[in-house]
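Subject: Structure handover

Hello,

Here is the structure I said I would pass on.

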Amino acid sequence: MSGIVGIFANEAGRPDLSDATGRMLAAIAHRGPDGFFQWHDDNAAIGHAWLNTTGENGLAVLKFADADLAIVADVRLDNRDELLAGLGIRDQGTPDVLLIMKSYVKWGEDCASRLLGDFAFGIWDSERRLLFCARDHFGAKPFYYVRDNSGFSFASEIKALVALGSVEFAVDDSHVSAFLAGMAQDVQETAYSNVRRLPPGHTLTATRHGFRVGRYWKVEPGRPRPGNDHTEEFRHLFQASVENRMRGSTALGSMLSGGLDSSSICCVASARIAKDNGPGLRTFSAVFPKLKELDERRYIDAVLDRGGYTPHFVTIDEEASFEGFDRVLAEQEGTFNAPGLAVIRRVYRAAADEGIRVLLDGHGGDEVVSHGDRRIHELAVDGQWLTLWQELRGLSRLYGGPSLKPYLKLFNHYALSESITRFRGSARIFRHHGRRNTQGMDTWRTYLKPDFVSRTGLLERFSASIRIPPGARSNEANYHRWKLSAPLVSHAFEVLGKSAAAVGIEPRYPFWDKRLVEFCLALPSDQKLSDGWSRLVLRRAMEGILPAEVQWRHDKTDFMANLVRGMTNQRRLIEGMLTDTHGLASYVKVDAVAEAFQQMVADPQASHGYQAQFLWRVVSLAHWLRQAHPTVVYQS
């Protein structure tokens, strides 16, 4: 998780380019424990804060001797063999950054579409007086930029752009309302009015005469190879993805929660290490000895008992949701949607203390493989009543207990109703496998000030954000693609990446391999949900690799109890934040929020998840406003 910065000046010969780049690098020094490098000419400057996680001399290759080009990149490429062959390069040790440079020389601005992996880079083409930038398919690597009268600048974190002195900070009503409603922010906007994100799967080209952002890839299913077994193909792609993300660093670890995703990664990675006669894989697990409902230890131990691991446990006894929160906000550069980040940060810190640099993470497995939520709709639309009944019986075994009554009702509904989308019954099944359960998501309406809601058009925006497109309501493939295209995908990468970078760790996500994602999107729905088993292709692919106890577990731990407990543990801090509001009263009914918090303290078990998350967001916003006050500018 290196840091990159760059400047393209409108005025040639600016004497402060080197100094400006130095200030930017100093602002993200935490991303470069292995050194800094910068280069500039009369028109542009680039800089690199280097974290060595690929085993390459990442500082050496910035100015390309064979052409009038310079590059800076935060990169890990996964299709190196393909690129080496296409570029006619025999040296297997060619650094990733040089492969990108040579790809640009050969294929021009089309080079981004030929790269696989995680990357964000900027190339200065001195001959054409052009800056070309790109961000990877899912946004695993961050890229922020500012365009103003002085030119164009970019960086891995906003604080590097702030160091230039041209960033305008404002608390925008639209941004605040989206955050309070739990909506994902726009993939291009930030809390800073003139700072933008380069969206995932996009390139950016800047010259003195123009500026354009263009898409080079979008979320679409791939083409399955004819005759291939789905299970075998998934296993092959998943193992390759894990192994690609193990490349380059002996300081490797993996998160292990006991869930299907992290356990699958650990088992594959451990087998790879054992094949190479390496030491046991170092795993990092958060455990909750005082919260039995969060106890995953038996699943974690089932994986560890197979051997080949050096486990580390992070005990969460007295969780504090706002632990060191001013520092967290500084890391995150504003508000963020991740109530459980405090626990993850502890795991990152524990891994860093053990010398880990690369940490494998099962984040995104649910979304990439998919639970097959829409298959029961497909069966009803197609009139496949016997198969539908079999699926509902399977679901009843896994989720519904001994009674078939709610599933009989559901079956009768599908069989008799002309419009399956109007069904509102059997909330539990739909929470797992059916209609998107939105009850309680609009808790914020009780507490936000009506004029604030009105002037930001929040009701309309919120309704649009949770509305499933017509084509995705009864079609699993379209629904799956819609979910993977959501802004929360890149937002999550940015949140996790900033916290990890703060302690010198690069997280890597094996489920977010482009080839694996496209394969999963193309799967028939019965490979995702069948006989009541969700994510079936992953379970089958892990046969003989995962312990059966983990492979066929159907439950998933709900960490909401930990959020509620963490907030009640910090009662005095939260009460103080709701008293000394620093502008919070412009947005929320503070007295009503304070009363809701007192009700949570009095009866924690009565607090439902959406209300707890909303209260967390309110207190987060209060922290943020207080941190920014009094220099912050408020604008509608």
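Please keep in mind that this is a predicted model.

In α6, the residues His230, Glu233, Phe234, Leu237, Phe238 and Asn244 are in contact with Arg515, Leu516, Phe519 and Cys520 of α21. Sorted by class, this contact between α6 and α21 consists of six nonpolar, two polar and two charged residues.

Two packed helices are described by the angle between their axes and the distance between those axes. Here, helix α6 spans residues 230-244 and helix α21 spans residues 514-522. They pack at an angle of about 155°, and their axes lie 9 Å apart. Angles over 145 degrees count as roughly antiparallel, so α6 is roughly antiparallel to α21. The crossing of α6 past α21 is left-handed.

Now the sheet. It is open and has six strands, in the order β2-β3-β1-β9-β8-β11, and the pairing is antiparallel. Which strands are at the edges? They are β2 (36-40) and β11 (195-197), each of which pairs on one side only. From one strand to the next, the twist averages 15°.

At the β11 end, the pairing partner is strand β8, residues 144-148. These two strands run antiparallel and are joined over three bridges. Tyr145 has Arg196 in β11 as its bridge partner.

A helix also packs on this sheet: α1, residues 17-27. Helix α1 touches β1 (3-9), β2, β3 (44-49) and β9 (151-155). The direction of α1 makes about 150° with that of β1.

Regards

How values were computed
Residues numbered from 1 in each chain as written. Predicted model: local features only at pLDDT ≥ 70, side-chain atom pairs only at ≥ 80, totals over all residues. Heavy atoms only, no water. Axes fitted to C-alpha atoms, helices over the stretch in contact; angles between N-to-C directions. Helix = DSSP H or I, 4+ residues; strand = E, 2+ residues; numbered from the N terminus. Parallel < 35°, antiparallel > 145°, perpendicular 65-115°, else oblique. Left-handed = near helix turned anticlockwise from the far one by under 90°. Contact = heavy atoms within 4.5 Å. Nonpolar A, V, L, I, M, F, W, Y, C, P; charged D, E, K, R; others polar. Pairing = 2+ DSSP bridges.
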